[in-house]
Amino acid sequence: LPLLVTIMLVLKDLEPRNLLPVLGHGILPTVRGALDPAAWFCEIFFLVSFFPYLNDQKQTGRVGMITIFFAMLTMVTLNIVTWMLLGDTLPNLLYPMVETAKYISIADFFENMESAIMAIWVVGVFVKLSVLFYALSLSTAAVLGLHSVRPAVVPMGFLSLLFSYWGTPNFAASTEIKNVLSISIVFFTLFIPSLLLLFVQFRKRRGGKGAKSHE
């Protein structure tokens, strides 16, 4: 809701010509810029950790695709709005959507929308970290052959806290390793699972053909 309100309040100041020229520097910068969003979308892979505990597993594929579609729609809309509003200054901004919310000021009364945007961000990060931590603990318990996930929670929590300080001590360091992390996430959550699924489908088809020929 705050995102929709923010977009509605800046509609009158949008400049569609800021979007031009389309692909002015070719397709390569666009492909490079798509790496980080691709990594974000790949993180939905971690939701498979919840699949064994769902009552209706037949709906997981449909709901997952709907989630990805609306996430894509939201990201594309926000990118277009911020680009049309901020123009050439956009590449120099760290958090364009926050700057867009700061832009809003109606009669010196309705402003400070960036607080709502940050609230959404904080809640989203909390949910995301919770899901990732659960997936990490569950995977660790499965690899070690534990009968319960509980023994893995405390050690994984301690290691997560430790690596949060050691791995990214400041924002500059996190920016340097961002591209490496994005490539790693795409590789391990999209490329490898896709290959495994293709391999399983190939084995099933080969197995089916073999059974028919045997008959």
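Analyst: Among contacts in the chain between residues at least 6 apart in sequence, 62% join residues at least 24 apart. Contact here means heavy atoms within 4.5 Å. This is a predicted model: local features need pLDDT of at least 70, side-chain atom pairs count only at pLDDT 80 or more, and totals for chains, interfaces and linings use all residues. Residues are numbered from 1 along each chain as its sequence is written, and side-chain values use heavy atoms, with hydrogens and water left out.

User: What secondary structure makes up the chain?

Analyst: The chain has 9 helices and 2 strands. Their order is α-α-α-α-α-β-β-α-α-α-α. Helices (H or I, at least four residues) and strands (E, at least two) are DSSP runs, numbered from the N terminus.

User: Why is the chain called more spread out than a compact globule?

Analyst: The globule rule is 2.2 Å times the number of residues to the power 0.38, and the radius of gyration is taken over C-alpha atoms. For 215 residues the rule gives 17 Å; the chain has 22 Å, well over that, so it is more spread out than a compact globule. The C-alpha trace spans about 75 × 45 × 35 Å along its principal axes.

User: Why does Thr100 count as buried?

Analyst: Buried means under 20% relative accessible area, exposed over 50%, partly exposed in between (1.4 Å probe, protein chains only). Thr100 has 0% relative accessibility, so it counts as buried. Thr100 lies in helix α5 (residues 96–103). Beyond residues up to four places away in sequence, Thr100 touches Thr6, Val10, Thr82, Leu85 and Leu86. Across the chain, 18% of the 215 residues count as buried.

User: What makes α6 oblique to α7?

Analyst: Helix α6 (residues 114–144) and helix α7 (residues 150–166) pack at about 125 degrees, with axes 9 Å apart. Axes are lines fitted to C-alpha atoms, for helices over the stretch in contact, and angles run from 0 to 180 degrees between N-to-C directions. Under 35 degrees is roughly parallel, over 145 roughly antiparallel, 65 to 115 roughly perpendicular, and the rest oblique. Therefore α6 is oblique to α7.

User: Which residues of α6 and α7 make the contact?

Analyst: From α6 come Phe133, Leu136, Ser137, Thr140 and Ala141; from α7 come Ala152, Val153, Met156, Gly157 and Ser160.

User: Why does Thr140 count as buried?

Analyst: Thr140 has 17% relative accessibility, so it counts as buried. Leaving aside neighbours within four places in sequence, Thr140 contacts Ala152 and Met156.
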